[in-house]
Amino acid sequence: MTKIKRIQAFALSCPTPGGAVFAVGRSAKRDMVLVRIETECGIVGYGEAHHAQTPSTIAAFINDALGPSLSGMDAHETEAIWDKSYRHYIATHGPGAAAVIGLSGVDLALWDIKGKDLGQPVYRLLGGKRRPIRAYAGGISLGFQPVDDLKREIEGFIARGYDFMKLRVGDTLEKDLERVSAVRAAFGPEITLAADAGTRYRTADVARIAEVCEAGRLAWLEEPFTPDNLPGYRRLRDLTATPLAAGENHFTRHELRTLISEEVIQFVQADCCKTGGITEILKIAALAGAWHLQFAPHTSASVLSTAASTHVLSVAPNAFIYEADVSAINAFRDELGTPFEIVDGTILAPDAPGLGVEIDETVIEKYPFIPGASYQ
């Protein structure tokens, strides 16, 4: 049987000297939590939990609480495992978002096991079809830097096949306007342009934020405000024709339900590694579809996040686009497993069983956890 024998979580860190600067600070390192689940019959599944800026805390929750509570359960019972975990650690008396993030990594590993046991890729188990998915240049890139540097970076991405870019805003509004306007003027309709404010804008500035949106003719403005600031989202929605996007920092369908039903966003950006795993993000995509919204998931650090996101995007009818991490340095994208290829601006889900990623466990020793802030 595929009973769970052991669940382990490892906090990992990769230094990023000279990392990009964006709304939440300078990238000092890339963190991730690698989840490893072994069944009694010897199948091993892998997942990724978002680092939450405290990867050691997320790993400790999985190792000390969540993992032991699931020992002996059948790895195929993803719905029952999710519901049990939700009731024990998320709905009440638990560590809040940390529990959701930890469960996300466990859920991904369970789907990896399920696919390996049945000899099928996850997208096929979910009823999807392998097809090219449009990708955009995102991740920790295109940050707060001189306009000429931004132009060169974008030219490099265009040469790699991208025609959709995401700028980082949330600096001063004057600098945001300068960068967005200059990029739009330099590239015109050659590229589709979005922007991510990292929740750093203020409601009082909605008129000037709208000016930034219109200057860039943005495909969307992502997370202009903190997740709790629905009044800000409403006011900005009413001032600009630019679609708003959010969801990366909303955990489970229960938090996203309000954001979606308020009709303040057009793109739902939940993350497999943050919002409850594949089991939950499929429900979120369906909820978004019920409100005629498009699904454009945020992605986390590693090839496991990439795999999970592409499997889900191969299934969801309202799937819009994949966020490719084009950061200059990311060992978990490049060394944990075979890196994904973007061909002509598109990506394919893996076709091997499970998540379809062969994990190199030597990375665990090579990139031990580095204490300290992820962003400085």
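The model is predicted, with local features requiring pLDDT of at least 70 and side-chain atom pairs counted only at pLDDT 80 or more, while totals for chains, interfaces and linings use all residues. Residues are numbered from 1 along each chain as its sequence is written, and side-chain values use heavy atoms, with hydrogens and water left out.

**The largest pocket**

Begin by selecting His50, Glu248, Lys274, His298 and Tyr375, which lie nearest the centre of the largest pocket among its 29 lining residues. A pocket here is an open set of points on a 1 Å grid over the protein atoms alone, where a 1.4 Å probe fits, with protein on both sides within 12 Å along at least five of seven lines; lining residues have an atom within 4 Å of a point. The space in this pocket is about 550 Å³, a volume being the space filled by probe spheres set on the points, which are joined across faces, edges and corners.

Next, display strands S4 (29–39), S7 (164–168) and S13 (322–325), each of which supplies at least two residues of the lining. Strands (E, at least two residues) and helices (H or I, at least four) are DSSP runs numbered from the N terminus. The lining comprises twelve charged, ten polar and seven nonpolar residues; Asp, Glu, Lys and Arg count as charged, Ala, Val, Leu, Ile, Met, Phe, Trp, Tyr, Cys and Pro as nonpolar, and the others, Gly among them, as polar.

**Histidine 298**

Centre the view on histidine 298, in the loop between strand S12 (294–295) and helix H11 (303–313). Its relative accessibility is 11%, so histidine 298 counts as buried (under 20% relative accessible area, with exposed over 50% and partly exposed in between, for a 1.4 Å probe and protein chains only). Its side chain makes a polar contact of 3.3 Å with the side chain of glutamate 248. Such a contact is a pair of N or O atoms within 3.5 Å; within protein, one must be able to donate a hydrogen and the other to accept it, and residues adjacent in sequence count only if both atoms are side-chain atoms. Beyond four places in sequence, histidine 298 also touches residues including Gln269, Asp271, Cys272 and Glu323, where contact means heavy atoms within 4.5 Å.

Select Val206, Ile209, Ala210, Val212, Cys213 and Gly216, the buried residues of H7. They cover an arc of only 155° around the axis, which puts them on the same side of H7; the arc is that of the directions from the helix axis to the C-beta atoms. These residues pack against helix H6 (173–187), strand S8 (192–196), S9 and H8. Arginine 217 follows H7 and has a positive phi, near 45°.

Continue to H8 (residues 230–237), where Leu230, Gly232, Tyr233 and Leu236 are buried. Viewed down the axis of H8, the buried residues fall within an arc of 160°, so they line one face of the helix. Their cover includes helix H7 (206–216), strand S9 (221–222), strand S10 (244–246) and helix H9 (252–261). At the start of H8, a side-chain oxygen of asparagine 229 comes within 2.9 Å of the backbone nitrogen of glycine 232.

**Aspartate 196**

Finally, select aspartate 196 in strand S8, which counts as buried at 3% relative accessibility. Its side chain reaches the backbone nitrogen of glycine 198 at 2.8 Å. Among its contacts beyond four places in sequence are Lys166, Arg168 and Glu222.
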